[in-house]
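Let's take a friendly look at one chain and the way its side chains pack together. Here is the structure to keep beside you as you read.

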Amino acid sequence: MGCCFSTGSNQDDSKKPLIPDPNLDRKPTNCSDRNADSLSSSRTNEQDLHAAIVQRTALNIIDVSAVISQGLEQHEYMDRARQYSTKVGVLNRTWSQKKPVPLPSLSSQPHQVLAADLVSNADVQQVSKIAAYAYSAISQIKVDAKEELVVQFAIP
Amino acid sequence: MTTALTQGLERIPDQIGYLVISEEGVLASAGELENDEHTAGVIMQMVRTACRFRLHGTAEPPFKRMSVMFEDYVYAVTISGQKVFVVKRQNNQREPVIV
């Protein structure tokens, strides 16, 4: 993991603040000791904080490339397979129970509605013009980049 | 039952074909749309999509009839009693086209 810090503590890490209160007493770590010899105490604190953050992140990271696979025993494997297919079965049932949206009723007089006058050519042309304007407007939307999106943090 | 559905469609002016479609499939067809399951499928998809449109705050689709307009003919589509009615009508309007 790259850090020689070793914690023997049984603290509940999930409740620890990400950046610990620098006013609390902290034992300097082995890592930061080597670096902090010639530095001021505030620098040591910063190294402490940094090391704590790195260590917490390292604890939380699951490095899949580093895991040496321990083979499952046959019964373990069968148990898990059964568990998964039960779960999938439940999900399938829920999905297939969803009925497709029923067709709404647009009219109680379908023959009348269908026999009514057709849409006039003038209306069709007007709608086509409006659609053309809308298309033209949308195609002119563009991003006006004013600033850099990615900036460097400057830590004083 | 089918006669009741189709009688009214037969009498529509300028009609050159019609379809009556339900969730299960085509219930009746005639004229240029006779046995035209392909057109039935396409129109079902179109009308389902159109039914999802809503004007602000309303609960129902904001239209009674959907028209698919081509140069010489029109498909007029509506829904009633869980059935989709499609009629193909001639488009006889001869107004000058303003380019």
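In chain B, 39% of the contacts with a separation of 6 or more join residues 24 or more positions apart, where contact means heavy atoms within 4.5 Å. This is a predicted model, in which local features need pLDDT of at least 70 and side-chain atom pairs count only at pLDDT 80 or more, while totals for chains, interfaces and linings use all residues. Residues are numbered from 1 along each chain as its sequence is written, chains are lettered from A, and side-chain values use heavy atoms, leaving out hydrogens and water.

The chain B pattern along the sequence is α-β-β-α-β-β-β, with helices (H or I, at least four residues) and strands (E, at least two) taken as DSSP runs numbered from the N terminus.

| Property of chain B | Value |
|---|---|
| Secondary structure | two helices and five strands |
| Accessible surface (Shrake-Rupley method, 1.4 Å probe) | about 6000 Å², 52% from carbon and sulfur atoms |

Now for the packing. A nonpolar core is a set of buried Ala, Val, Leu, Ile, Met, Phe, Trp, Tyr and Cys residues joined through side-chain atoms within 4.5 Å. The largest has 19 residues, and Val77(B) and Met66(B) are among those touching the most other members. Helix 2 of chain B gives the most to this core, five residues. Apart from it lies another core of 11 residues, including Leu9(B) and Phe85(B).

Which residue of chain A does Val77(B) touch? That partner is Leu114(A), and Val77(B) also touches Ile43(B) and Val47(B), among others, leaving aside residues up to four places away in sequence.

Methods:
Buried means under 20% relative accessible area, exposed over 50%, partly exposed in between (1.4 Å probe, protein chains only).
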